[in-house]
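This report walks through selected features of a protein model. Please keep the sequence and the coordinates open while reading.

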Amino acid sequence: MEPGSAPNQGDSSALSLAASEGRRHKTGAGYVPLLVISAVCLFVGSLSSSLLAKYYFIHKGSSRWVSTWVQSAGFPLLIPFVCVPYFLKRTQRRPFTHFTPKLWVLSIFVGLMLGVNNLLFSWGTSYLPVSTSSLLLSTQLLFNLILSVLIVKQKVTFSNLNCVMLLTLSSVLLALSSSHDRPPGLTRAKYFIGFFSTVGAGLLFALYLPVMEKIYRKVYCYAMVVEMQLVMEIAATVLATVGMMADGGFAEMKREGERVFDKGPRVYYVTVAMTVACWQMCFMGTAGMVFMTSSLTGGICMTALLAMNVLGGVVVYRDDFEGVKIVSTVLCVWGFCSYVYGMHLKNTKHQETDNKSSVTPAGTGPRNRHGQAMEMGRMPDVASGLV
């Protein structure tokens, strides 16, 4: 059903099914566990993929196609979450029920966009110094805020604007502290390729988040989010696989594992497999955060994790942690905590409003143009259809 349109006979079955599955208030029992799971997946996936990527490059790995392919090739891990609940009779909803042709097309299109983003990210980070790529990628949060305002009408408040500025400043300081990380043999041509690839990756990811939030407004349960993510990851993997086949990427992977990677083939393929799983956790966590909160919240969490990745490098690889990195981490934690506190105040205010409106007759409560509120504290049950 299109946002803002009246339900017709074809849509009424979806609405009836959603009602029978037990659509609840956003602050109900189904919301908090899924939000926590999404946050944990995002945190663990982002931190682990960052550490594994560094491990891959430390031990002589260098393939851009491999680093592109692993970001989406973990889609088979989502298949059990799509199929098992239905076969175990945990839900009455069949997988991909009410996937309209438009939703299929949107999922495939966004998946291809994600695949291009993965490729640009891999090319950028392979050519540029760590400092330069971090500095360029840090601008995605500001673009995310602007595009969220334009696409999903995100309200700019002191809380989110303050957080965006602090996290952007934190990322810039991290980049400046790594100014000595310059790859050997970096030519002017490679620098410009890496520069524009990284800028493109940042802009595409900044666009990806609000576009996903816009599409999720057509989705009535979390199970559909998982299904959309599966379709998107398949599309991104097909794009990466075609590129690898055309450019000899699989042969390069085999050669790299057997002759280049200094830990041997077994450790190489274990590293690749673990990276695939961690990237899938990262993207699924991002999708969950966008669906249950907003695209801006997802972007803020991703940017805040840059500092966590730095701390991970300090703990695992004994990287230096002093001066600018300490200030950057403090700014990151400050900005993120201020945003979370602002969300808490907003959620509390919405709860109080909902408690007051609960005594009014059914159907008289405030509604937005979509027939349901998507702001913090006001959203249909995100767990229905999944359990």
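Cys301 is buried, at 10% relative accessibility. Buried means under 20% relative accessible area, exposed over 50%, and partly exposed in between, with a 1.4 Å probe and protein chains only. The model is predicted: local features need pLDDT of at least 70, side-chain atom pairs count only at pLDDT 80 or more, and totals for chains, interfaces and linings use all residues. Residues are numbered from 1 along each chain as its sequence is written, and side-chain values use heavy atoms, with hydrogens and water left out.

**Cysteines**

How many disulfides does a search of the whole structure find? The search finds zero. A disulfide is here a pair of cysteine sulfur atoms within 2.5 Å. Cys301 is in no such pair; its nearest cysteine sulfur, in Cys163, is 8.6 Å away. For Cys41, the closest cysteine sulfur belongs to Cys282. That distance is 9.8 Å, too far for a bond.

**Overall build**

The protein has 14 helices and zero strands. Helices (H or I, at least four residues) and strands (E, at least two) are DSSP runs, numbered from the N terminus. Of the 387 residues, 47% are buried. The accessible surface comes to about 18600 Å². Carbon and sulfur atoms own 69% of that surface. Areas come from the Shrake-Rupley method with a 1.4 Å probe; for residues, only the protein chains shown count as cover.

Contact means heavy atoms within 4.5 Å. Among contacts with a separation of 6 or more, 85% join residues 24 or more positions apart.

**Salt bridges**

A salt bridge is a side-chain nitrogen of Lys or Arg within 4 Å of a carboxyl oxygen of Asp or Glu. By this rule the count is two.

| Salt bridge | Closest N to O distance | Burial |
|---|---|---|
| Arg93 and Glu227 | 2.8 Å | both buried |

Where do the partners Arg93 and Glu227 lie? Arg93 sits in the loop between helix H4 (79-87) and helix H5 (101-127). Glu227 belongs to helix H10 (residues 222-246), so the pair ties together parts that are 134 residues apart in sequence.

**Around Glu256**

Glu256 is part of helix H11 (residues 249-260). Glu256 is buried yet has no salt bridge. The nearest side chain of opposite charge is Arg255, 5.8 Å away. For charge, Lys and Arg count as positive and Asp and Glu as negative; His and the chain ends are not counted.

Which backbone nitrogen lies 3.1 Å from a polar atom of the Glu256 side chain? That nitrogen belongs to Ser63. A polar contact is a pair of N or O atoms within 3.5 Å; within protein, one must be able to donate a hydrogen and the other to accept it, and residues adjacent in sequence count only if both atoms are side-chain atoms.

Leaving out residues up to four places away in sequence, Glu256 touches Tyr56, Lys60, Gly61, Ser62, Ser63, Val66, Phe261 and Tyr268. One of these, Lys60, lies in the loop between helix H2 (31-58) and H3. Phi of Lys60 is positive, near 80°, in a residue other than glycine.

Ser67 lies in helix H3 (residues 64-69). Ser67 counts as buried at 17% relative accessibility. Its side chain reaches the backbone oxygen of Arg64 at 2.8 Å.

**Thr271**

Thr271 is in helix H12 (residues 265-292). Is Thr271 buried or exposed? Thr271 is buried, with a relative accessible area of 4%. Beyond residues up to four places away in sequence, Thr271 touches Leu52, Tyr55, Tyr56 and Phe261. Tyr56 and Phe261 are also among the residues that Glu256 touches. Thr271 and Ser49 are 222 residues apart in sequence, and their C-alpha atoms are 9.9 Å apart.

**Two loop residues**

Gly248 is in the loop between H10 and H11. Gly248 is partly exposed, at 34% relative accessibility.

Lys153 is in the loop between helix H7 (140-152) and helix H8 (158-177). Lys153 has a positive phi of about 60° although it is not a glycine. Lys153 is exposed, with a relative accessible area of 58%.
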